[in-house]
Amino acid sequence: MRFRPEPAHQHGQPARTGVLLCNLGTPDEPTAAATRRYLAEFLSDPRVVEIPPAAWKPILHGVILRTRPAKSAAKYQQIWLPEGSPLMVWSRKQSTMLRGYLGERGHSVSVRLAMRYGNPSIASQLDELKARGCTRILVVPLYPQYSGTTTASVIDAVGAWARGVRHVPELRFVNRFHDDPGYIRALTRVMHQHWQAHGRPDKLVMSFHGVPERTLTLGDPYHCECLKTARLLAERLALKDGEWVVSFQSRFGKAKWLEPATQTVLEQLGRAGTPRVDVVCPGFVADCLETLEEIAMEGRDAFKAAGGQEFHYVPCLNDNPTWLAALAEIVQDHLQGWPTRGADQAAEAAATRERALAAGAKA
């Protein structure tokens, strides 16, 4: 087996720690060609589509990748920002701000951003961290609720990279933070800020990304973790039973998915004459196609077409300071025991420990 070339090992090199934030991914540009490349990688992941390749590949390449890219590109064009894809724009801000928040806490670590599908790839960013001398890397999938379709896929990609590396860094993963107090606090703050500006709704819909229902019976904890997030948020918001509902969006294919479906819920609320509905997406930490187009546009249209009146989409956590502080705390907790200070600080800490040991030995 051939391994990636890397510099000769240097004895006594100070240990550095890296943090790799990972989100799902996005096309490089809102065109059919770029979207086709992105979808080909995404839908070829066996974690995402659990159909035998012999049966799936003819469908993917013969049907889906011939028709879906142009439709998806048109949707991306509706939400694309001057700086690029919203998911990329917000994720980059989160990466930059996290570095600052950690620095304020005295941690000198390298922070990089990767996308599971598309660019920058997980492999390229791990190479970058390794080139910076990182011998310990914390991988943080930006998925609050664990799922084999998302979190485990990131772990797969890291493992695939490690198989081609001779000197593999020490690795840790943040598998979930669905019930982290700081994350729940940040969601609560975003909701309160929206309600202070716009008033409260008659019904709050908490929409999470959907997965096939069979994943629940096969042992995936995603459904339960979504429900716990929703319950904790409802408690912090002092919502009563009947004032909020959980739903699942982004269905794909003909398999039975987690229910109720977000569009069905919005249509039912519209037909019931609900005066105002707010929708928040707690499973997404950054706004993207699934929130800005599917919910804020398609969801609004479905609700109003069914007879609903006022519709509000509540933005994701994005660059909310409470969220970035919570993310820094999550990262800090998982970095315990690793060297995260600058070389001078680390040398001083080592000297202090040696002096303490020497004093203890004399005693």
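In which helix is Leu87 found? Leu87 lies in helix α3, which spans residues 86-104; helices (H or I, at least four residues) and strands (E, at least two) are DSSP runs, numbered from the N terminus. The model is predicted, so local features need pLDDT of at least 70 and side-chain atom pairs count only at pLDDT 80 or more, while totals for chains, interfaces and linings use all residues. Residues are numbered from 1 along each chain as its sequence is written, and side-chain values use heavy atoms, with hydrogens and water left out.

We can begin with the overall fold. The protein contains 13 helices and 8 strands. Its radius of gyration, taken over C-alpha atoms, is 23 Å, close to the 21 Å that the globule rule gives for 363 residues, so the protein is as compact as a globular protein of that length. The globule rule is 2.2 Å times the number of residues to the power 0.38. Along the principal axes, the C-alpha atoms fill a box of roughly 80 × 50 × 45 Å. Of the 363 residues, 49% count as buried, where buried means under 20% relative accessible area, exposed over 50%, and partly exposed in between (1.4 Å probe, protein chains only). The accessible surface comes to about 17,400 Å², and 53% of this belongs to carbon and sulfur atoms; such areas come from the Shrake-Rupley method with a 1.4 Å probe, and for residues only the protein chains shown count as cover. Among contacts (heavy atoms within 4.5 Å) with a separation of 6 or more, 80% are between residues 24 or more positions apart.

Leu87 counts as buried because its relative accessibility is 7%. Leaving aside neighbours within four places in sequence, Leu87 is in contact with Asn23, Gly25, Met115, Ala286, Asp287 and Cys288. Thr291, in helix α10 (residues 289-292), is buried because its relative accessibility is 0%. Not counting residues up to four places away in sequence, Thr291 touches Cys281, Phe284, Ala296, Tyr313 and Cys316.

The charged side chains come next. Side chains of opposite charge can pair when their charged atoms come close. The structure holds 13 salt bridges, each a side-chain nitrogen of Lys or Arg within 4 Å of a carboxyl oxygen of Asp or Glu. One of them joins Arg214 to Glu50, with the closest N and O atoms 3.7 Å apart. This pair links distant parts of the chain, 164 residues apart: Arg214 is in helix α7 (residues 214-217), and Glu50 is in the loop between α1 (32-42) and α2 (53-79). Arg214 is partly exposed, since its relative accessible area is 44%.

Another salt bridge connects Glu298 and Lys75, whose closest N and O atoms are 3.3 Å apart. Here too the pair links distant parts of the chain, with Glu298 in helix α11 (residues 294-305) and Lys75 in helix α2, 223 residues apart. Glu298 counts as partly exposed at 29% relative accessibility, and Lys75 does so at 31%.

Arg251 and Glu259 also form a salt bridge, with 3.5 Å between the closest N and O atoms. Salt bridges that share partners join Arg251, Lys256 and Glu259 into one network. Arg251 is partly exposed at 42%, as is Glu259 at 44% relative accessibility.
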